[in-house]
Amino acid sequence: SMDLTEKAQGILRGNDRGGYTLPTKGLYPYQWNWDSAFAAWGFATFDADRGWQELETLMSGQWEDGMIPHILFHRPDPGYFPGPDVWQGRGPIPSSGISQPPVAASFMAKMLAMDPTGEARARAMWPALKRWHRWFMDWRLDRGAVCVTHPWEAGRDNAPDWDGAMRAIDADDVGEYTRRDTSHVDPAMRPTKYDYDRYLKLVQIGVSVGWDHEKLREINPFRVADPTMTFTLLRAQRDLAAMGRRFGEDVSEIEEWIAVLEDGAETLWNPEIGGYDSRDVRAGRFNGVLSNASMLCWYAGINDARALPALERMLAAAEYGLASYDPEAEGFESLRYWRGPTWPIMNYLVGSGLEEQGLDGPAARIRRDTARLMEAHGFAEYYDPHTSAPAGGGSFTWTAAVWLGWAG
Ligand code: DGY
């Protein structure tokens, strides 16, 4: 509806800090990597110039080694912890020391289709995206699947995928700190103190080696091959290659990366759960977790009939869209962040992938449910998949972007 479209545009404008967009005021007062890519696409639906600018600002935080960090701390904000003093990133802009799911190239491809006059700007960013994609290939692979070195890197902060690897982290010496997230949002909707101790311990380990990725590959106790990363990078490499061909670039290396990642994705297939799983590389085992990230195969261009029964079962077990964790699994929590709630951004990635692969039934269901959530409750960070209750932060940028670009 027109009314909701105006509201969604208003959220993007309201979270705009001049060149970059906050995920939401208060809870997330900086530029987050994949949030920003969604924001760029949302802006592109009504202000193409502002959309391109968002991606350019994100690229401007790229480290010399190619990494584009998960948070850019453009201006200090005491309302967020851990800030730039804790992270001690070593890029041109104060930043965190990890990355995030690389969806920027894929949104850039969409934006180019919407606004061909932006071609020169897309071309100018293409080499930076390639360097970022190479960084993943250099430092994050395990048997061709992409690993995360921190739960925050996957974006799915407290997903059950990480429970085993988190138990192996000794955080007794993490020290005193004050969380800020729980002053903005009900603690019942956020990760626990147990989780936070380990999130910070992993940051301290990264800082102790100056975010040297080679050293971290050896010493970091947390290294999990993850479907979020593997599938988003595989998709992003395909989009990068397609844009490269259009720009007259040599894309043979990217084609090799695509083949490596396709093989890597297969190493995530866990027949025991009938789905793509995360693999704890340190412990050498599957985590046994069916999540919404398991369903990103179609988005990655892998039309896998083996994954359909689990998708249909997860959809049947929830009232509103795709839950972030199998609603029938033990430990499912309908309001706790990535342990159950339904997320419009993941619904979009999964749903649009299903659309592209011609799986119209589940695609339509996910899209319609996603729209219903926003029609009923506006643009929350995530929602209870059984009751539709809004949860987490409100006036959320990437949820508004999903309305503008897809669900609305
Ligand atoms: C947070 O602070 O909760 C963020 O998700 C970290 O990226």
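Colleague: Over the ring of which residue does the charged end of Arg198 sit?

Modeller: This is a predicted model, in which local features need pLDDT of at least 70 and side-chain atom pairs pLDDT 80 or more, whereas totals for chains, interfaces and linings use all residues. Residues are numbered from 1 along each chain as its sequence is written, and side-chain values use heavy atoms, without hydrogens or water. A charge sits over a ring if NZ of Lys or CZ of Arg is within 6 Å of the ring centre and within 35 degrees of the ring normal. The charged end of Arg198 lies 3.7 Å from the centre of the ring in question, that of Tyr194.

Colleague: How are the rings of Trp269 and Tyr276 arranged?

Modeller: Rings of Phe, Tyr and Trp (its six-membered ring) pair if their centres lie within 6.5 Å, and count as stacked under 30 degrees, edge-to-face over 60 and tilted otherwise. The structure holds 34 aromatic pairs. In one of them, the centres of Trp269 and Tyr276 are 5.0 Å apart and the planes stand at 75°, so the arrangement is edge-to-face.

Colleague: Is Tyr276 buried or exposed?

Modeller: Buried means under 20% relative accessible area and exposed over 50%, with partly exposed in between (1.4 Å probe, protein chains only). Trp269, at 12%, is buried. Tyr276 has a relative accessibility of 1%, so Tyr276 counts as buried.
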